[in-house]
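Visitor: I would like to learn how to read strands and helices in a structure. Where do we start?

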Amino acid sequence: MALNGKTIAFLVGPEGIEQAELVEPWSAVSGAGGTPKLISKEDGTVQAFNHLTPADTFPVDATLDAASADQYDALVLPGGVANGDEVRTFPEAVSLVKAFADAGKPIAVICHGGWVLIEAGVVSGRTLTSWPSLQTDYRNAGATWVDEQVHVDEGPFTLVSSRKPDDLEAFNRELLKAFE
């Protein structure tokens, strides 16, 4: 149980989360003995999707106004186009992501989840992967984009990134190593 005693934040918007990109890393963290916590803008539940089809809802553990990076050991940013686009518009989410990076805490991001990293200004000089449509955004923010199943960038904070749901097995393996 490599993550015993560790609490891992999962930051999402109110809707549009790609369900597999939330559920599978959550299960990996739980299975390794960690305690995952869901953070979103408001109390209640968030709506996940299987691509464009509504799927399950999930209860929020903490709201952005009550969450701080010092309460958690690492951060996961699940994807989903609407989720990634919405999260980056919340100033509290941008501040939280920047606080994780500034504290040197590991961050794992998949698919469209990385837009908030760009908004927080923490990707310049870093190498990462994502859904291909984000590559220009990353490059414009000073990052190097690579087309890999999973990429681990050891910088001021460990940054684990993956492209899509098909990459979840590799993503989960590397995020667990980074979070140990």
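Guide: Start with a definition: two strands pair if DSSP finds at least two bridges between them. This is a predicted model. Here, strand S11 (residues 150-154) is joined to S12 by 5 bridges, and the two run antiparallel.

Visitor: Which residue of S12 is the bridge partner of valine 152?

Guide: The partner of valine 152 in S12 is valine 160. S11 and S12 also form a hairpin, with 3 residues between them.

Visitor: What holds strands of a sheet to one another in general?

Guide: Strands of a sheet pair through backbone hydrogen bonds, and the pairing is either parallel or antiparallel. For a parallel case, look at strand S8 (residues 107-110), which is joined to S12 by 4 bridges. Within that pairing, isoleucine 110 has serine 162 of S12 as its bridge partner.

Visitor: How many residues of strand S12 are buried?

Guide: Buried means under 20% relative accessible area. In S12 (residues 158-162), 5 of the 5 residues are buried, so the strand is largely enclosed by the rest of the structure. Thr158, Val160 and Ser162 point one way, Leu159 and Ser161 point the other way, and all are buried.

Visitor: What is the strand order in the open sheet of 3 strands?

Guide: The order is S2-S4-S5, and the pairing is mixed. The edge strands are S2 (15-18) and S5 (53-59), each of which pairs on one side only. From one strand to the next, the twist averages 45°.

Visitor: In which sense do S4 and S5 pair?

Guide: Strand S4 (residues 45-50) pairs with S5 in the antiparallel sense, over 5 bridges. For example, valine 46 has phenylalanine 58 in S5 as its bridge partner. Helix H1 (residues 19-31) packs on this sheet and touches S2, S4 and S5. The direction of H1 makes about 55° with that of S2.

Visitor: What span should the 13 residues of H1 have?

Guide: At 1.5 Å a residue, H1 should span 18 Å. The C-alpha atoms at its ends are 18 Å apart, which agrees.

Visitor: Which residues of H1 are buried?

Guide: First the general idea: an α-helix has 3.6 residues a turn, so residues three or four places apart point the same way. In H1, the buried residues are Gln19, Glu21, Leu22, Pro25, Ala28 and Val29.

Methods: Residues are numbered from 1 along each chain as its sequence is written. This is a predicted model: local features need pLDDT of at least 70, side-chain atom pairs count only at pLDDT 80 or more; totals for chains, interfaces and linings use all residues. Side-chain values use heavy atoms; hydrogens and water are left out. Buried means under 20% relative accessible area, exposed over 50%, partly exposed in between (1.4 Å probe, protein chains only). Axes are lines fitted to C-alpha atoms, for helices over the stretch in contact, and angles run from 0 to 180 degrees between N-to-C directions. Contact means heavy atoms within 4.5 Å. The expected span of a helix is 1.5 Å times one less than its number of residues.
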